[in-house]
Every structure is written in C-alpha cells, then in structure tokens.
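Student: Hi! Could you walk me through a few spots in this protein?
Tutor: Happy to, let's bring it up and start with some aromatic rings.

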Amino acid sequence: LNRGRRGVPRLYGGWRDAREDRVYYVVQRAGSPIVVDEVSTVPSAAWLAFCRADPVGAATALVECFRSFTSSGYFMEDLHGAQFTLAGNDIYAIDAPETLPNAPVAAVLDWTARKGGTSWGGLKYVEMRLSVHQNCTVDGDCPATSDIELCAFRDCVPGWDQGAREARGWCRKGWCALVDARAHTYDLATRAWALPLMLKEGRFPSLHQKRRLEELIKRMRSEAPEDRP
C-alpha cells in the first residue's frame, strides 16, 4: 500500500523464524536516528544541519514521512524521535506503527485473526479503544494514549507538553473524542525535534517563509482536531 512513498524504506524481502515465532524484514539502509538517543530532545548533528540549511526541505521531508503511515490508517502511540532516521534528504519511520480499525489493512488482519480462532479486536485492543464511539460524562470516562504519546520523554516544547487534547481522554459533548492521524498533526507542531526545531534553528530564504511556518505550527496546535490542517 505504501510502497514507493517518501519516508517508506524499500522492502527487499523477509523470513519467518519458527522457533521465535517472529517475522523479520530486510529493507534498505535508512540512515541514522534524528535524535542522539531515545529519550533525548537533542537532535543529531546531521538532522540539525539539515534543519538549519534547508528548514523548508526538512519540514517537508518530516511531514511526508508522517503522511506515509497516517494516511493509510496507522498511528504511532509510542511516538519518540528515535523512531525516525535521516538518509540524505529523506526521513524514514523505522518503528512499526499500530493499525487503527479504519486502516485499509484492517479487514485483512481481522480475517487472518479469525482464521486462527481469535478476533482482531483482542489482538489490537489498544488501538481499538481509541477509535470506538463511547458515551461519557467526564474526561476520565475516555481512554488516553500511552504516556509516551503524552510527552513522557519530555521531548515536547515548553507549554505544549501534555499531548493532543483528544489523546489525553476528552469527553466532548457527551462522546469521547476519537484519536486519529490528527493527533500526529499536533505532535509535529509540539515535539522539540520536529517543526519547532526548524522554526528555531532554520536559516530561511525569507522572513515570509519563516512566518508561514510559524502560522502553520500555530494552526497545527489547535485544541479541536478539525481545526488542524
């Protein structure tokens, strides 16, 4: 489904280890992480250099990488900078995202699970609970994402360190707000290693371009998912 899209490593093949009951994939070399370690907000030297020299190009590469999996119905609940690498001028996601119920591949997963005598809902409970309509009276009635998605690694910019509103559990007009790709729109605008890094460090060709990114980030931080671009 995503083959050939920017941000998706080229797949060469794979094998199944029957003893470990695991599947291994062989993909192209995808460079090195964009942060110095998993729990760090410090960008790698290569990522910082790219963001400084070509902030618009760096922003485009990162957004297209996110779009490659979010537009296909996937969500990275344990989001952190070490899941992304830089190779040349491309950003790659090197950690598998979770499947949301509305993903094109969901029906195939459900069929495979049922064939094995179980249900996909049981296998993917974490993702299912975030995308099912539920009645509520207070925010505590609604499911929240993992602490990592809520900036547990302290990799969010000051003042925006609690994660997207719906990711924290949001009772909105009697219904729990669903969590989908729009939560990652918020993430891109609030993670210190993402768009805020380009805005802070980038050498923009013009003040107009910097202001456009600044305005985009402001819209991406909107509380209501439908107000985000």
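**Aromatic rings and a few other spots**

Tutor: Keep in mind that this is a predicted model. Both Phe-66 and Phe-69 are buried.

Student: Stacked or edge-to-face, for Phe-66 and Phe-84?
Tutor: Stacked, because the planes are at 15°, with the ring centres 5.0 Å apart.

Student: What is the relative accessibility of Phe-84?
Tutor: Phe-84 comes out at 0%, so it counts as buried. For Phe-66 the relative accessible area is 3%.

Student: Which residues make up the aromatic cluster?
Tutor: Phe-66, Phe-69, Phe-84 and Trp-193 form one cluster.

Student: Switching topic: where is Asn-2?
Tutor: Asn-2 is in the segment before strand E1 (11–17).

Student: Is Asn-2 buried or exposed?
Tutor: Buried, because its relative accessibility is 14% and the cut-off for buried is under 20%.

Student: What is Asn-2 in contact with, beyond its neighbours in sequence?
Tutor: Leaving aside neighbours within four places, the contacts are Val-8, Ser-68, Phe-69, Ser-72 and Tyr-74. Take Ser-68: it is 66 residues from Asn-2 along the chain, yet their C-alpha atoms are separated by 6.6 Å.

Student: OK, what about Thr-190, buried or exposed?
Tutor: Thr-190 is in helix H6 (residues 182–190), and at 1% relative accessibility it counts as buried.

Student: What lies 2.9 Å from a polar atom of the Thr-190 side chain?
Tutor: The backbone oxygen of Tyr-186. Beyond four places in sequence, Thr-190 also has contacts that include Asp-155, Trp-160 and Arg-221.

Student: Where is Arg-154, then?
Tutor: In the loop between helix H5 (125–130) and strand E8 (171–172). Arg-154 is exposed, with a relative accessible area of 64%.

Student: And what is phi near at Lys-173?
Tutor: Near 55°, a positive value again in a residue other than glycine. Lys-173 is in the loop between E8 and strand E9 (175–176), and it counts as exposed at 81% relative accessibility.

Technical notes. Residues numbered from 1 in each chain as written. Predicted model: local features only at pLDDT ≥ 70, side-chain atom pairs only at ≥ 80, totals over all residues. Heavy atoms only, no water. Helix = DSSP H or I, 4+ residues; strand = E, 2+ residues; numbered from the N terminus. Buried < 20%, exposed > 50% of the residue type's maximum accessible area, 1.4 Å probe, protein only. Contact = heavy atoms within 4.5 Å. Polar contact = N/O pair within 3.5 Å; in protein donor to acceptor, adjacent residues only side chain to side chain. Phe/Tyr/Trp six-rings, centres within 6.5 Å; stacked < 30°, edge-to-face > 60°.
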